[in-house]
Amino acid sequence: NYDQEKKNLHMEITHGTHDPREHHIRKVTITHNDREPLIRYFPTQTKPSVLIVDSPLEAKQQDVIRVTAVCNEGGQKEETVVVP
């Protein structure tokens, strides 16, 4: 979700694991309107079921934000948000 007032992208990336230190979302890539992506790396997940991340981002109405999450054991999820 993007909060325009706070200029913040809030992400809750669902990813189940028994040990979030060993098996987790290791990388999140944020692409805003096809600009140079912001890449963040994580050594562990917030909880065994989800990685919760906030990222400051200045966007305006109709901007396109694409988030790609990559697991350290392979696999990825992608979600696209158009700022309302």
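The lining of the largest pocket in this predicted model divides into 6 nonpolar, 3 polar and 4 charged residues. That pocket has a volume of about 320 Å³, and 13 residues line it. The protein chain around it is built from 7 strands and 0 helices.

**The largest pocket**

- Among the lining residues, Met-11, Glu-12, Ile-13, Val-67 and Glu-79 lie nearest the centre of the largest pocket.
- Three strands each supply at least two residues of the lining: E2 (8–14), E6 (64–71) and E7 (76–82).
- Strand E2 gives the largest share of the lining, with 6 residues.

**The chain as a whole**

- Followed along the sequence, the protein chain has the pattern β-β-β-β-β-β-β, and its count of helices is 0.
- A compact globule of 84 residues would have a radius of gyration near 12 Å, and the 13 Å of the protein chain agrees with this.
- Along the principal axes, the C-alpha atoms of the protein chain fill a box of roughly 40 × 20 × 15 Å.
- Of the 84 residues, 38% count as buried.
- The accessible surface of the protein chain is about 5,500 Å², and carbon and sulfur atoms account for 48% of that surface.

**Thr-29, a buried residue in strand E3**

- Thr-29 belongs to strand E3, which covers residues 25–32.
- The relative accessible area of Thr-29 is 14%, so this residue counts as buried, the cut-off being under 20%.
- With neighbours within four places in sequence left aside, Thr-29 is in contact with Pro-37, Leu-38, Ile-39, Arg-66, Val-67 and Thr-68.
- One of these contacts, Val-67, is also among the residues nearest the centre of the largest pocket.

**Ala-69, a buried residue in strand E6**

- Ala-69 is part of strand E6, one of the strands that supply at least two residues of the pocket lining.
- Ala-69 is buried because its relative accessible area is 3%, and buried means under 20%.
- Ala-69 and Arg-26 are 43 residues apart in sequence, while their C-alpha atoms are 7.7 Å apart in space.
- Leaving aside neighbours within four places in sequence, the contacts of Ala-69 are Ile-13, Ile-25, Lys-27, Val-28, Gly-75, Gln-76 and Lys-77.
- Ile-13, one of those contacts, is another residue listed as nearest the centre of the largest pocket.

**The loop between E3 and E4**

- Asn-33 lies in the loop between E3 and strand E4 (38–41), and Asp-34 is found in that loop as well.
- Asn-33 has a phi near 55°, which is a positive value in a residue other than glycine.
- Asp-34, which is not a glycine either, has a positive phi of about 60°.
- Asn-33 is partly exposed, with a relative accessible area of 29%.
- Asp-34 counts as exposed because its relative accessibility is 66%, and exposed means over 50%.

Technical notes. Residues are numbered from 1 along each chain as its sequence is written. This is a predicted model: local features need pLDDT of at least 70, side-chain atom pairs count only at pLDDT 80 or more; totals for chains, interfaces and linings use all residues. Side-chain values use heavy atoms; hydrogens and water are left out. On a 1 Å grid over the protein atoms alone, a cavity is a set of points where a 1.4 Å probe fits but cannot get out, and a pocket is an open set with protein on both sides within 12 Å along at least five of seven lines; lining residues have an atom within 4 Å of a point. Grid points are joined across faces, edges and corners, and a volume is the space filled by probe spheres set on the points. Helices (H or I, at least four residues) and strands (E, at least two) are DSSP runs, numbered from the N terminus. Ala, Val, Leu, Ile, Met, Phe, Trp, Tyr, Cys and Pro count as nonpolar, Asp, Glu, Lys and Arg as charged, and the others, Gly among them, as polar. Buried means under 20% relative accessible area, exposed over 50%, partly exposed in between (1.4 Å probe, protein chains only). Contact means heavy atoms within 4.5 Å. The radius of gyration is taken over C-alpha atoms; the globule rule is 2.2 Å times the number of residues to the power 0.38. Accessible areas come from the Shrake-Rupley method with a 1.4 Å probe; for residues, only the protein chains shown count as cover.
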